[in-house]
Amino acid sequence: MLPDSLGDGRAAALTADCSACTGLCCVLLPYRRDDGFGADKPGQVPCRNLLADDRCGIHADLVEKGWSGCATFECFGAGQHLTAVTYGGRSWREVEDLGEMAAVLSAQRLLHEMLLHLEEVDRRSPDPAAAALAEQLWTLRDAGPLELLTADLDELHETCGELLGAASLRVRGPGRPDHSRADLAGADLREADLHGAGLRGALLIGADLSGTDLGPADPAGRRPARRGPARHPRRRRTLPHRPPARRRPSLSRGVPPLRWGRRRPGAPPAAGGGIGPPGAT
């Protein structure tokens with residue numbers, strides 16, 4: 001969550017307010033039982049727990065009833081903005097093309113996520129270029145569905161990632177180890193020098209970090225290229241060379257609907273040097 005000291009309502013604008021939304025995530029997004037939900041549901045179908053007033057019937061007991069995915073999901077304020085501004089107060093019940101609405105929600109959530117982290121940059125390590133991009137995104141979020149779906153979100157996301165990486169370096173200081181996008185799955189890192197290290201996009205599944213001083217390290221994760229089982233290497237490995245960066249799937253050519261799941265990048269920035277959403281390249 002952003003500090004209230006941001007002023008001019010920006011902290012609230014980038015924080016989900018379900019009371020000002022019409023249950024968009026409960027309708028537009030698909031989810032699966034193995035992602036922390038009590039059932040499987042396709043996109044554009046109302047959740048079975050959604051009431052007639054677009055409120056959740058089990059909101060007070062989500063985790064206890066097996067819906068922890070709902071409790072951890074964050075739209076960064078995209079839901080209420082989509083309802084009030086993008087669709088002019090119309091509910092999903094009044095929109096004919098729910099597929100388009102789901103795609104617009106995906107675009108808005110990405111914009112809001114980038115804005116959250118750019119505002120964090122402004123708070124911790126101000127930069128004119130980051131401030132200029134933030135203003136561009138604040139303007140774009142007020143656009144209509146067509147403009148949002150045809151905006152070059154790939155380019156904006158790439159630019160944002162570069163600015164966040166630069167801010168992270170400023171916060172952590174120069175000369176620190178850089179293992180960005182490295183495959184460290186199963187690696188023995190107990191004696192590795194990772195204080196203030198760059199770990200943006202690094203794969204750390206199964207890595208042994210016991211006793212490791214991460215200090216102001218930047219551990220921002222990455223969006224997986226595809227879903228699949230977690231890797232469990234049989235052998236421990238030491239720090240490998242960094243593989244080439246992977247290009248994100250295009251979002252500007254028909255934004256796909258968001259998929260419910262564990263909080264991705266989208267979680268608020270980690271303490272220390274971590275600035276930026278997982279997947280920023």
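Predicted model: local features only at pLDDT ≥ 70, side-chain atom pairs only at ≥ 80, totals over all residues.

## Helix 5 against helix 6

Helix 5, which spans residues 98-124, and helix 6, which spans residues 128-140, have axes that come within 10 Å and cross at roughly 150 degrees. Because angles over 145 degrees count as roughly antiparallel, helix 5 and helix 6 are roughly antiparallel to each other. The crossing in which helix 5 passes helix 6 is left-handed.

On the side of helix 5 the contact is formed by L111, M114, L115, L118, E119 and V121, and on the side of helix 6 by A130, L133, A134, L137, W138 and L140.

## Helix 4 against helix 5

Helix 5 also packs with helix 4, which covers residues 78-86; the axes of helix 4 and helix 5 come within 9 Å and cross at roughly 120 degrees. The two helices, helix 4 and helix 5, are therefore oblique to each other, and helix 4 passes helix 5 in a right-handed crossing.

Helix 4 contributes A78, G79, H81, L82 and T86 to the contact, while helix 5 contributes M101, V104, L105, Q108, R109 and H112. The residues of the contact of helix 4 with helix 5 fall into 5 nonpolar, 5 polar and 1 charged.

Terms used
Residues numbered from 1 in each chain as written. Heavy atoms only, no water. Axes fitted to C-alpha atoms, helices over the stretch in contact; angles between N-to-C directions. Helix = DSSP H or I, 4+ residues; strand = E, 2+ residues; numbered from the N terminus. Parallel < 35°, antiparallel > 145°, perpendicular 65-115°, else oblique. Left-handed = near helix turned anticlockwise from the far one by under 90°. Contact = heavy atoms within 4.5 Å. Nonpolar A, V, L, I, M, F, W, Y, C, P; charged D, E, K, R; others polar.
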